[in-house]
Protein chains: 2
Amino acid sequence: MTRFFVPPEELTGERLLLTGENAAHAKVLRLRLHEQVLVCDGEGQECLCEVADPDPKSMVLQVLERRASVTEPGVKVSVYMALPKSDKLEHVIQKATELGAYEIVTFPSARCVSRPDEKSLKKKLERWRKIATSAAEQSGRGRIPEVVVLGSYAEALKRGAEADLPILFYENEKSTTLHMGLEGKQFQTVSLLTGPEGGLEEKEVAQAMDAGFQVCTLGSRILRCETAPLCALSVVMYAAGEF
Amino acid sequence: MTRFFVPPEELTGERLLLTGENAAHAKVLRLRLHEQVLVCDGEGQECLCEVADPDPKSMVLQVLERRASVTEPGVKVSVYMALPKSDKLEHVIQKATELGAYEIVTFPSARCVSRPDEKSLKKKLERWRKIATSAAEQSGRGRIPEVVVLGSYAEALKRGAEADLPILFYENEKSTTLHMGLEGKQFQTVSLLTGPEGGLEEKEVAQAMDAGFQVCTLGSRILRCETAPLCALSVVMYAAGEF
C-alpha cells in the first residue's frame, strides 16, 4: 500500500489534504476515489485512509483507522558511522532505513578523509534526510530515522554510550564476537559504532572502551566501511527477534 | 597484508613469479625486498611469501609457509539471486564476497526485467568474476566465490535444494521467521534464494517449497532486492558462529 509521511500536526483531524511532494507523488500514482493509502506521522503513528476527493490539485483523504505502526521494530538501533568518503553514507542511510535503524549518526574520526565545511554539510544533511524519507516510504517504515551529524568523536562516544548496549566493531579485535556481545543481554536501545575507510585508531578504540563501549569483531574477513554497519544491524535485528 | 590470487598450479613450488595483473598490482604497491605478502590459490589454500627479488619486471616471491586459509568460513553459503536490473548484482557480488559467501548464483525468474542475451551475459559474467576477485583480495578471503549463471528458475531450485538448508525469502511470508528456519539445525551448506525487483510470484514460491525450500520472512519491512540477500547472509554467518 502506498505510504505518505506528513508532519504529526496534519494527522489530527478526520480528513487531510496532501500537499507539496506528497501531492505530486499522489498525482503520479493517479489515485482513484476510495483507494486506500497509509499516512504516517513519521514518529510511529499511522492512519489508514481512503481517497475522498481524487482531484490531483486538492487530493483529500478520509481517515478510516488510526493505529500504531506495525512495521517498527521493538528495539531502537542507532547506527554510528564515522563520516566516509563520497556516496557511502547515502548508501548506508538508505539500507539502514530499510533494515529498521532508529537513527543514523555520523561524526568525524581521526582517519576520516571527508571533512566537509559547515555549508556543504548542511546541504548534505538535507539530502541525507530525503534519502531516509524515501527509503522509509518504500520499505514501509512507520517512522523516518533521524540523520544526525555530530561535531566530534568524543560527542559520538558520549551520546552512543547512553544506549543499553553500545558496541564498537574493530578489525583488530579477534576474540570477542558479536555473539558474545549480545548473548543473554536484555536491550531496548543499541548503538553500533564503526570507523571510516581507514578504520579507527587504536587510541580511539581505547577511548570508546573507557566511555562504556564493548569492542566486538564481525569475523575474520575485512568488511568495507559501508558493509560493516549493515551487517551488524541485520544481525542485531535478528538477535532481537525481528525475523 | 597484501593478498594475491594465482592459479593453484602456480602455487606448487618454493618460488613463484608474479605475472599479469598481479605483477602490475605489485608494481603499484612498490613491494620491497623481504616484504611479506599472502598468495592464495583461490580455493582455500594460501602461502605466506616474502619478496625474493623486488624487480618490478620480474617480481619473485619465496614461499615461507603453506597453510589452509584462516579467513574462510566453516559454512558454505550460496547466494541465489534472481537477475536484477543494472548494477545491483555487481553490488551483491562485492558485498556477498566480503561477507563470506561461497558462491553467487543468478538466474531468470518470472518478474525479472533484465533479460540479457547470451553475448552480453558472457561479457557481464567476466565483469562479475573480476568484481568477486577484487573483493576477495580486499576482504582477505582465501577463496574467490564462484559467480554462476543458470538458464532457468527450475535449474536454480534443483541446484539450490541440494544444500543442507535451502531457504527462500518471501515478503508475503508472515509467520516463519529466519530464526525458526535456522534454530536447532545442523548445516554445512546453505542456499539463500531471493527474488528480483518485483519479487517472486506466488507460483514460484510454491515450486520452491515443492523442491525442498523452506520459506522465511526477513521481517515486516520490505527490503530492496539487493538488500535482502546481504541481510540474510550476514545473519546466517552469525548464526553459524562466524562472529
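Arg30(B) counts as exposed, at 70% relative accessibility (exposed denotes over 50% relative accessible area, buried under 20%, and partly exposed the range in between, with a 1.4 Å probe and protein chains only). The residue is placed in the loop between α1 (20-29) and β3 (36-40) of chain B, where helices (H or I, at least four residues) and strands (E, at least two) are DSSP runs numbered from the N terminus. In chain A, the loop between α1 (20-29) and β3 (36-40) holds His34(A), which is not a glycine but has a positive phi of about 75°.

The model is predicted, with local features requiring pLDDT of at least 70 and side-chain atom pairs counted only at pLDDT 80 or more, whereas totals for chains, interfaces and linings use all residues. Residues are numbered from 1 along each chain as its sequence is written, chains are lettered from A and ligands numbered from 1 in the order in which they are written, and side-chain values use heavy atoms, with hydrogens and water left out.

Chain A is superposed on chain B by a rotation of 180° with 0.0 Å of shift along its axis, at an RMSD of 0.1 Å (least-squares superposition on the C-alpha atoms of residues with pLDDT of at least 70 in both copies). This is the relation of a two-fold axis. The same surface serves both copies, as 100% of the contact residues of chain A recur in chain B (contact: heavy atoms within 4.5 Å). Of the residues of chain A, Val235(A) comes closest to the rotation axis, its C-alpha lying at 2.6 Å.

The contact draws 35 residues from chain A and 35 residues from chain B. Between them, the two chains bury about 3,000 Å², 57% of it on carbon and sulfur atoms; buried area is the accessible area (1.4 Å probe) that two parts lose on being put together, summed over both. Within chain A, the residues that lose the most area to chain B are Arg221(A), Tyr238(A) and Phe243(A), together 29% of what that side buries. One aromatic cluster is formed by Tyr238(A), Phe243(A), Tyr238(B) and Phe243(B).

Over all chains, 7 aromatic pairs are counted. Rings of Phe, Tyr and Trp (its six-membered ring) pair if their centres lie within 6.5 Å, with planes under 30 degrees apart counting as stacked, over 60 as edge-to-face and the rest as tilted. Tyr80(A) and Phe107(A) form a tilted pair, 6.4 Å centre to centre and with 45° between the planes. Tyr80(A) lies in strand β6 (residues 76-82) of chain A and Phe107(A) in strand β7 (residues 103-107) of chain A, so the pair ties together parts that are 27 residues apart in sequence. Tyr80(A) is buried at a relative accessible area of 1%, and Phe107(A) is buried at 1%. In chain B, the rings of Tyr80(B) and Phe107(B) have centres 6.4 Å apart and planes at 45°, and the pair is tilted. Both Tyr80(B) and Phe107(B) are buried.

The charged end of Arg143(A) sits over the ring of Tyr102(A), 3.8 Å from its centre (NZ of Lys or CZ of Arg within 6 Å of the ring centre and within 35 degrees of the ring normal). Arg143(B) lies over the face of Tyr102(B), at 3.8 Å from the ring centre.
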